[in-house]
Amino acid sequence: MGIRKDYRDLTADERDRFVQALKHVKSTGLIDRFAQMHAGHFFMNIHRSSHFLPWHREMLRRFENQLQDFRPAISLPYWNSSAVRSTTSSLWNNGFMGQFNAAWNLGRALGSSTLPTSQLVQTNRGRGTYDVFWSELERFIHNPPHVWVGGEMADIDSPHDPVFYLHHCWIDKLWAMWQLAHPGAPFVASVAGAGLNDPLMEWPNRTPASVIDHHALGYSYDSEN
Amino acid sequence: MEPERHEYKGHSIELRAREGREERVGAAEPEEKLELLIDDESVRYGQLPDGQYALEEYAYDWTDNLLDLAQRFIDYRDRADEIRRQADSGEEG
């Protein structure tokens, strides 16, 4: 089982492998295809919907699978934006995510907004029902880092910026941790068609039920409690 | 509707009925068929499942008031431009 960990805990080799794999999937067109797919569904059921978390979990899983086709040992790393808040942090080094800004013409403007606080994240983790949890998580923890990075990351086709995947990996981790802390909490549909067994946009044979158990998808997080 | 025009921090914001609206109105057509212009340039936007607006270029700030959203976009764009200018001057210096 792959273990997704904080990008700060990657070894130098793991960091280099991940960067090389990103360059590879850019060259194959995958980065741009996923960005267009995200843009195409942006105003549908993938945001402001109970399918927000499952849809992005499926997207990340598919992206990670493509990286693993290139380098099998790779797992997506995450960016905890409530802890790593500086525009000069190692995340943005030219040896890591920094190099993609100019190379991929991302137009970042780091610091364009305010990142979520760890207090907000803690409060959100304590929410007792899925509908309250995902709605607050999406709006107040997921949204601000998109604007804070700026440029492509603030657009509907934000997966053009590879930091999208590190950001969403953290959002997925928060969901995984919440699920483990609230094992009896049912999936609550935001509207008809956004339920546990309703198809996800783009992948009609996949539903939230298909992705509800991230361990069954073949990965875990470095810490889950 | 009559076009609505506002000034905000030296920028113009206009909301007007989209040209050709009658031809496009159909059963599945969302009701957001106002055209938004900032400094006379059309700005693309959409509506999320709960009816809130988001701009395609500024997609992660949502509100049910399109004029308010346009103002926030202007603030963001000005801030981002200033950050990029500072970064560029730092690289040159």
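Predicted model: local features only at pLDDT ≥ 70, side-chain atom pairs only at ≥ 80, totals over all residues.
**Exercise 1. The make-up of chain B**

Task: Determine how many helices and strands chain B has, and in what order the elements run.

Solution. 
Step 1. The secondary structure of chain B consists of two helices and six strands.
Step 2. Read from the N terminus, these elements follow the pattern β-β-α-β-β-β-β-α.
Step 3. Chain B has 93 residues, of which 17% count as buried.
Step 4. Consider the contacts in chain B between residues at least 6 apart in sequence; 26% of them join residues at least 24 apart.

**Exercise 2. The sheet of chain B**

Task: State the order of the strands in the open sheet of chain B, and identify the edge strands.

Solution. 
Step 1. The open sheet is formed by four strands of chain B, in the order β1-β2-β3-β4, with antiparallel pairing.
Step 2. Its edge strands are β1 (4-8) and β4 (41-43) of chain B, since each of them pairs on one side only.
Step 3. On average, and with direction ignored, neighbouring strands of this sheet are turned by 30 degrees against each other.

**Exercise 3. Strand partners**

Task: Describe how β2(B) is joined to β1(B) and to β3(B).

Solution. 
Step 1. Strand β2 (residues 11-17) of chain B runs antiparallel to β1(B), and five bridges join the two.
Step 2. Within this pair, B:His6 has B:Ile13 of β2(B) as its bridge partner, while B:Tyr8 stands opposite B:His11 in β2(B).
Step 3. The hairpin of β1(B) and β2(B) has two residues between the strands, and B:Lys9 takes a positive phi near 50 degrees there.
Step 4. With strand β3 (residues 34-38) of chain B, β2(B) pairs in the antiparallel sense over five bridges. Here B:Leu15 stands opposite B:Leu36 in β3(B).

Task: Does β1(B) lie largely in the open or is it largely buried?

Solution. Count the buried residues: of the five residues of β1(B), the number buried is zero, so β1(B) lies largely in the open.

**Exercise 4. The surroundings of B:Ala54**

Task: Explain why B:Ala54 is classed as buried, and list what it touches.

Solution. 
Step 1. B:Ala54 belongs to strand β6 (residues 53-55) of chain B.
Step 2. A residue is buried if 20 or more other C-beta atoms lie within 10 Å of its own. B:Ala54 has 22 other C-beta atoms within 10 Å, and therefore is buried.
Step 3. Leaving aside residues up to four places away in sequence, B:Ala54 touches B:Tyr45, B:Gly46, B:Leu48, B:Ala59 and B:Trp62.
Step 4. B:Leu66 is 12 residues from B:Ala54 in sequence, and their C-alpha atoms are 8.4 Å apart in space.

**Exercise 5. Helices of chain A**

Solution. 
Step 1. As to burial, α7(A) is mostly covered, with 14 of its 19 residues buried. Buried residues of α3(A) include A:Trp55, A:Met59 and A:Phe63.
Step 2. The buried residues of α3(A) pack against α1 (12-27), α2 (30-41), α6 (130-149), α7 (163-181) and α8 (208-211) of chain A.

**Exercise 6. The packing of α1(A) and α3(A)**

Task: Classify the crossing of α1(A) and α3(A), and name the residues in contact.

Solution. 
Step 1. Two packed helices are described by the angle and the distance between their axes.
Step 2. The axes of α1(A) and α3(A) come within 9 Å and cross at roughly 105 degrees.
Step 3. Angles of 65 to 115 degrees count as roughly perpendicular; therefore α1(A) is roughly perpendicular to α3(A).
Step 4. From α1(A), A:Ala21, A:His24 and A:Val25 make the contact, and from α3(A), A:Gln66, A:Leu67 and A:Phe70.
Step 5. By class, this contact of α1(A) with α3(A) has four nonpolar, two polar and no charged residues.

Conventions. Residues numbered from 1 in each chain as written. Chains lettered and ligands numbered in written order. Pairing = 2+ DSSP bridges. Axes fitted to C-alpha atoms, helices over the stretch in contact; angles between N-to-C directions. Buried ≥ 20, exposed ≤ 12 C-beta atoms within 10 Å, placed from the backbone. Contact = placed C-beta atoms within 7 Å. Parallel < 35°, antiparallel > 145°, perpendicular 65-115°, else oblique. Nonpolar A, V, L, I, M, F, W, Y, C, P; charged D, E, K, R; others polar.
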